[in-house]
2 protein chains.
Amino acid sequence: MKKELTIGLIGFGCVGFGLYEILNQSRLIDARIKRIVVKDRYKRREIGQENFSFSVSDILEDEEINVVVELIDDSEQAFEMVKKAFAAGKDVVSANKKMIAEHLDELLELAEENEVSFLYEGAVGGSIPILRNLEEYYNNDTLTSLEGIVNGTTNYILTKSNSGIGYDEALAEAQKLGFAESNPTLDVDGYDSKYKLSILLKHAFGLTVQPKSLFNLGIRHVSDHAVSYAREKGYRIKLFSRAEKLGDKVVGFVAPHFVKSDHFAFGVNDEFNAVVLQGLFSDQQLFLGKGAGSHPTASAVLSDISALKFNYKYEYRKSESNGEVEFSNDFFVKIYLESKYIEAINEVPFYHVDELFQSDHINYQTGWVKFSELKTFDFNHKEEVSLVVLPEPLRESIPSNKMANRPLLENLYT
Amino acid sequence: MKKELTIGLIGFGCVGFGLYEILNQSRLIDARIKRIVVKDRYKRREIGQENFSFSVSDILEDEEINVVVELIDDSEQAFEMVKKAFAAGKDVVSANKKMIAEHLDELLELAEENEVSFLYEGAVGGSIPILRNLEEYYNNDTLTSLEGIVNGTTNYILTKSNSGIGYDEALAEAQKLGFAESNPTLDVDGYDSKYKLSILLKHAFGLTVQPKSLFNLGIRHVSDHAVSYAREKGYRIKLFSRAEKLGDKVVGFVAPHFVKSDHFAFGVNDEFNAVVLQGLFSDQQLFLGKGAGSHPTASAVLSDISALKFNYKYEYRKSESNGEVEFSNDFFVKIYLESKYIEAINEVPFYHVDELFQSDHINYQTGWVKFSELKTFDFNHKEEVSLVVLPEPLRESIPSNKMANRPLLENLYT
């Protein structure tokens, strides 16, 4: 029943090298890397030139290789390679969240057609075995919600912000420590978190939702005032990739959240990743671990490789069984919305206002908004607007109040 | 491939009733309880008398029933019933840690002989899917250590102690809240934690170790001074069920530990359960959840039932593959040992002493002792002796020092 594994590795960045070290130095699992394909022939690498090939066909046409481990950056190139690997009858392990989020259903169809496995635990939450748990353990319908801190860079920056260090300084520190890319958009604007949310939605609730239909607001515009508002109330700010059942629908989005101290995510700091699951009967459950870095991610890839020895496949049981469950943007969420420009606040329709504060240099309003309307704004590109979700359950409906009809008044102080 | 599940439930205590509520009220998974067998015909119960039978044969001889869920207290009675259920060709789900710890290998043999499944996630860590993760995800040999807070009662008491409330008061509070039994020995002396450690050793490292060969020291004699020592150093005290690889051996025991603030267990407070795994490459991973209570434990039982629909079995791959790994008591551990009687300290052989403090009412010594020697003392029954493990890695050997040859001197102050 145990399969001999011979690996073709595509890509030799940080995770690829980590995997190489683990497999070749530890010999812990009985699998060997036979060939490594990289794009750039002239780049200096950690191991000798003789270890590399430069054409993917060297892997695809090698019949001894039965597992392709794809660890390159470019999601479209990766997509083409993975499709070819399936066609060549090879199992694939990948950590390419963008490719998986954007092409999952097509990839699954092809994998099934070719009777191969496609595993990608390393794509979400680094070393945390969250996909496997969603697949195998939470496979009855008792899972009610999922809140993931699945981007280490933003969690590191927010941790610093929570302790009073400004965004720019915190970002620079994260870049110095190697967590953040020099172009940090994918991380700080919540795109990376959104790809991961898309994958989580599939395994948690059996739903295919394209990243482009998911709302993502990152942490770039989390203001100093939002941070002091959090401190005053005993909250911390965390970027959540969030999905939950609401009535007979499933909802989900990426946004900064105020988190109370009794929430399991409250203590998840620095570059750590975590997923908090809520079950109907199990209550809160936390999975915490290192989300990034060479070895933690490679350890997830390794666990996938190890599972291939026993012909493990994700079963996607929830996708089969939930013909009736739909993804929805039709709900209300309570937010904190702040800007020095009152127009920016007034243009977002509130259905219920709880607090309203206006001064000559800062204005904010808290209350309930319709998510389908909120979603039409591109807040990542609205400088001077700070939006953080408040710690109240999402709701299918809310009673409106009079305050909601009272716009902030221009020139109140001039 | 999906199996129709018809359940015979034995026992209707807190977890049994929780399961009944979940299954019958939510109808979330397609399984029904056909028969409930209880011992006491005259006890007042949450549901009507007509729901109960009083003979296990009503379940065993019912051919429609294909799953027996065993949730009684008495481990020997449970053992007999489970064996009969196997013989009758029924899958079994149990949460009886004592029975499982003491009879696992025999039960597995019988389950295999009768081609049935035997699942028991609810036996360790309540709602936390730790056994399933050890089985399925950490099945390559990269797991290096496991530290479990698997007894909610003792964690609750220690949390109170850490914040300055005395042992007796904390225990009384735990009893009032329903965490602790009126006879709390099993919990506070670490027996419950030991049964769970025995089960964890099987799934983490493939080892069968009888509970009676495992050392367990509970929290009954954790002194006020140990608590202030912890506070002074920034530690907290936690009761660990601990197992790890040391050289080519595996070691394990139950004892109170000082825990540093960067350890994932540091923030696990009150009645919560948690398991911290350390992998060669994944680094620290935390699984946190509710360890006790009707619904959390029942949710684990429910997940096992749900897995039976897909004919899930534990594979015990590590037991098959590790012919060479042995359990060992041959190592050194650094401890804090305190007593007002200096003889009590002097009788434990230290190989290396780091600190030595003597006064007219309290004496303590910290340093390295040989575990195989420590294990011969029954510290649960040594009042006035407080032993807490210090946060240093276990070692195969230590250099001895002169301080170790300097016993505390009697009558120093008289």
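Which residue of chain B comes closest to the rotation axis? Among the residues of chain B it is Phe287(B), whose C-alpha lies 2.5 Å from that axis. The model shown here is predicted, so that local features need pLDDT of at least 70, side-chain atom pairs count only at pLDDT 80 or more, and totals for chains, interfaces and linings use all residues. Residues are numbered from 1 along each chain as its sequence is written, while chains are lettered from A and ligands numbered from 1 in the order in which they are written.

**View 1. The two copies and the axis between them.** Chain B is superposed on chain A by a rotation of 180° with 0.0 Å of shift along the axis, and the RMSD is 0.0 Å; the superposition is by least squares on the C-alpha atoms of residues with pLDDT of at least 70 in both copies. The two copies are thus related as by a two-fold rotation axis. The same surface serves both copies, since 100% of the contact residues of chain B recur in chain A.

**View 2. The side of chain B that touches chain A.** In this view 36 residues of chain B are in contact with 36 residues of chain A, where contact means that the C-beta atoms, placed from the backbone, lie within 7 Å. The elements of chain B that give two or more residues to this side are α1 (14-26), α5 (130-136), β11 (283-290) and α11 (294-308); helices (H or I, at least four residues) and strands (E, at least two) are DSSP runs, numbered from the N terminus. The largest share, 8 residues, comes from β11(B). By class, this side of chain B has 15 nonpolar, 16 polar and 5 charged residues, with Ala, Val, Leu, Ile, Met, Phe, Trp, Tyr, Cys and Pro counted as nonpolar, Asp, Glu, Lys and Arg as charged, and the others, Gly among them, as polar.

**View 3. Strand β11 of each chain.** Strand β11 (residues 283-290) of chain A pairs with β11(B) in the antiparallel sense over 4 bridges, and strands pair if DSSP finds at least two bridges between them. Within this pairing, Phe287(A) stands opposite Phe287(B).

**View 4. The open sheet of chain A.** Six strands of chain A form an open sheet with parallel pairing, in the order β3-β2-β1-β4-β5-β6. Because β3 (52-53) and β6 (118-119) of chain A stand at the edges, each with a single partner strand, one side of each is left without a neighbour in the sheet. Strand β5 (residues 91-94) of chain A is joined to β6(A) by 2 bridges, and Val92(A) has Phe118(A) as its bridge partner in β6(A). Helix α3 (residues 75-87) of chain A lies across β1 (5-10), β4 (67-70) and β5 of chain A, and runs at about 155° to β5(A); axes are lines fitted to C-alpha atoms, for helices over the stretch in contact, and angles run from 0 to 180 degrees between N-to-C directions.

**View 5. Helices α4 and α9 of chain B.** The axes of α4 (residues 97-113) and α9 (residues 191-205) of chain B come within 9 Å and cross at roughly 50°. The two helices are therefore oblique to each other, as angles under 35 degrees count as roughly parallel, over 145 as roughly antiparallel, 65 to 115 as roughly perpendicular and the rest as oblique. The residues of this contact divide into 5 nonpolar, 1 polar and 5 charged.

Terms used:
Contact = placed C-beta atoms within 7 Å.
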